[in-house]
Amino acid sequence: AGAAERYLLLSLGVCRALGTSDRAANAIGMLSYVSAFAGHGPQAVRLAEAASRECGKGDPVLRARLLGREATAAAADGDLGRFRRQSQEAADLLHRHSAGGGPSFLYYLTAEQLAAETGLALVMLAEQVTASRSRLLSEAAATLSGAVAVMAAPGPGAVASAYPRSALLHATFLARACILRGDPEPAVAAMRTGLGL
């Protein structure tokens, strides 16, 4: 995480020097994502908020990207309500505007990618709560199963062929959700899918 953060901070400085606030906002959003997965929920939330301020009323696909980052940060912070609001708003915004393109550096952002990230965040959130853990893990497994199936599908244009690391990450979190649910068979199946990636 430390090396990733250093490169992202360097990237942020370059973006600001070049006056590209959209790329700067994206770099700050990625810093939030790294912080979330490093277990620093409050810091991830503050970074996600800073990314949104940097973006302003910019491109709607970029705003969807940053709302997704804020949802992940909220999950890392254990805030289920904020996670739900930001996840839904990100999905709605991307659905309305993805046909229009968006910035070239968000070439990878699809509905499936955003859904998979929601699944990852659900696993992270489930690890922090006790009351809704089973429901959150079931939702995470369902969300990730769909995303992994689309991403790992063979054939032309398959996401796994273009982004195997991403598909592997999602398969790993699917296995993790299944294990935490006490359901080893789908976990093994998810990892068999992952091995092919």
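User: How many salt bridges does a search of the whole structure find?
Analyst: A search of the whole structure finds eight salt bridges, and it should be kept in mind that this is a predicted model.

User: ok, so what do the side chains of Arg65 and Glu117 do?
Analyst: The side chains of Arg65 and Glu117 meet in a salt bridge, with 2.3 Å from N to O. Arg65 belongs to helix H4, which covers residues 60-76, while Glu117 belongs to helix H6, so this pair ties together parts of the chain that are 52 residues apart in sequence.

User: and is Arg65 buried or exposed?
Analyst: Arg65 is buried, because its relative accessible area is 0% and the word applies to anything under 20%. Glu117 is buried as well, with a relative accessible area of 4%.

User: what about Glu70, which residue does it form a salt bridge with?
Analyst: Glu70 forms a salt bridge with Arg82, and the closest N and O atoms of the two are 2.6 Å apart. Glu70 lies in helix H4 and Arg82 in helix H5, so the pair ties together parts that are twelve residues apart in sequence. Both count as buried, Glu70 at 8% relative accessibility and Arg82 at 17%.

User: switching topic, what volume does the largest pocket have?
Analyst: The largest pocket has a volume of about 380 Å³. It is lined by 15 residues, and those closest to its centre are Tyr108, Gln113, Tyr163, Arg165 and Ser166.

User: which helix gives the most to that lining?
Analyst: Helix H9 gives the most to the lining of the largest pocket, with five residues. At least two residues each are supplied by helix H2 (21-37), helix H6 (111-126) and helix H9 (164-180). Sorted by class, the lining of the largest pocket has nine nonpolar, three polar and three charged residues.

User: and how much space lies in the second largest pocket?
Analyst: About 210 Å³ of space lies in the second largest pocket. Of the 15 residues lining it, the closest to its centre are Ser87, Gln88, Ala91, Ala115 and Thr118.

User: where does the largest share of its lining come from?
Analyst: The largest share of the lining of the second largest pocket comes from H5, with seven residues, and H5, H6 and helix H7 (133-151) each supply at least two. By class, the lining of the second largest pocket divides into six nonpolar, seven polar and two charged residues.

User: you listed Ser87 there, so where is its place?
Analyst: Ser87 has its place in helix H5, which runs over residues 80-97, and it is buried, with a relative accessible area of 12%.

User: what does the side chain of Ser87 reach?
Analyst: The side chain of Ser87 reaches the backbone oxygen of Phe83 at 2.8 Å. If neighbours within four places in sequence are left aside, Ser87 is in contact with Ala71 and Thr118, and Thr118 is also among the residues closest to the centre of the second largest pocket.

Definitions and conventions
Residues numbered from 1 in each chain as written. Predicted model: local features only at pLDDT ≥ 70, side-chain atom pairs only at ≥ 80, totals over all residues. Heavy atoms only, no water. Helix = DSSP H or I, 4+ residues; strand = E, 2+ residues; numbered from the N terminus. Buried < 20%, exposed > 50% of the residue type's maximum accessible area, 1.4 Å probe, protein only. Polar contact = N/O pair within 3.5 Å; in protein donor to acceptor, adjacent residues only side chain to side chain. Contact = heavy atoms within 4.5 Å. 1 Å grid on protein atoms, 1.4 Å probe; cavity = no way out; pocket = protein on both sides within 12 Å on 5 of 7 lines; lining within 4 Å. Points joined across faces, edges and corners; volume = space filled by probe spheres on them. Nonpolar A, V, L, I, M, F, W, Y, C, P; charged D, E, K, R; others polar. Salt bridge = Lys/Arg side-chain N within 4 Å of Asp/Glu carboxyl O.
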